[in-house]
Amino acid sequence: MIRARIISTGSYVPPKVLTNAELEKMVDTSNEWIVSRSGIRERRIVERDVATSDLAVQAALKALEMAGMSAEELDFIITGTNSPDMFFPCTSCFIQSKIGAKKAAGFDILAGCTSFIHTLSMADKFIKEDPKRKVMVLGAEIMSKITDWKDRGTCVLFGDGAGAVILTGEEGERGILSTHLHSDGSLWELLYMPGGGSANPPSHETIEKNLHCIKMAGNQLFKVAVRALAEVSQEALDFNGLKSEDIDYMIPHQANTRILEAAAKLINFPTERMYLNIERFGNTSSATIPIAIDEMNRSGKLKPGNLILLCSFGTGVTWGGGVIRW
Ligand code: COA
């Protein structure tokens, strides 16, 4: 059996730290509220002149270095992002040009915070078609530039960062076992950015009304997220004939510690085996899972054969999951 296996990882977060104490000076909030409601203590924020592809390139170069591979060997670059450099061209094309991946076909996926699971799913299909292919998938976001810094309900949650993984085909049991993708567009109003697109093209009015920033019904989204994450995790386990106890690590989208604990409880998954770094980075949307995978990989936590359960949830609404044998 040929499987798409992750052969290297990389991640990058900008150096500038924004702490909860600093947010206390910007909006009516408190460190205690943010930590108890979300689990976040600090997040990373880019400087004004940095674009999403700049973060992605740093993550990409680290992944290439770990693989001992040149960028020219890549066949595909697929980036999950909700905060692209520009509407078009796609951020993957900027990354391709900046790292010199001349042969690679680049395109983006915009499916909310779930986008990284979509990129993995695409890589899996491309590699099953031709196992020799080398596919880089990324999650990269600059959420700080689409955040309303006066809205305490959202500005405390998000951060900037990027993660990348390289996959290729390999005979055997290691690699992606399955991915599972879902969406329910009727719930779009729970999380959206109304301005700038064809529905509300940029105008003085859209700027004045702050329509180019995230709008979120946090409390409603919370409940939908818990259920969706639990359901897709169970679906991924059932599909592979696995039980919670077979899984070595769950690497979930880092949206909110309470959401993740509640979802884990629904499928009887022990939180000790759930990898969390939300405390340090907040919600970096599509980038949370690849950053977490890279941290675990570089710290030696992931051992060959480990079973990893992925799950994510985001605007759309979208949700997805999967199982990897490391
Ligand atoms: N500091 C202090 N108080 C705040 C606050 C902040 N940063 N943000 C909101 N509040 C207030 C609200 O105004 C509300 O006050 P009220 O009761 O006087 O109206 C109160 O806190 C409770 O708000 P609520 O939204 O019910 O809190 P919550 O327990 O649902 O937690 C979130 C808020 C945003 C942390 C939580 O709903 C959440 O994480 N939702 C999902 C968000 C998410 O994951 N989005 C991305 C999906 S990928």
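A: Let us begin with contact, which means heavy atoms within 4.5 Å. This is a predicted model, in which local features need pLDDT of at least 70 and side-chain atom pairs count only at pLDDT 80 or more, while totals for chains, interfaces and linings use all residues. Residues are numbered from 1 along each chain as its sequence is written, and side-chain values use heavy atoms, with hydrogens and water left out.

Q: OK, which residues does Thr288 touch, leaving out those up to four places away in sequence?
A: Thr288 touches Pro252, His253, Gln254, Gly282 and Asn283.

Q: And which side chain does the side chain of Thr288 make a polar contact with?
A: That partner is the side chain of His253, at 2.7 Å; a polar contact is a pair of N or O atoms within 3.5 Å, where, within protein, one must be able to donate a hydrogen and the other to accept it, and residues adjacent in sequence count only if both atoms are side-chain atoms. The side chain of Thr288 also reaches the backbone nitrogen of Gln254, at 3.2 Å.

Q: Is Thr288 buried or exposed?
A: Thr288 counts as buried because its relative accessibility is 3%, where buried means under 20% relative accessible area, exposed over 50% and partly exposed in between, using a 1.4 Å probe and protein chains only.

Q: Switching topic, what sits over the ring of Phe269?
A: The charged end of Arg273 does, 5.1 Å from the ring centre; this description requires NZ of Lys or CZ of Arg to be within 6 Å of the ring centre and within 35 degrees of the ring normal.
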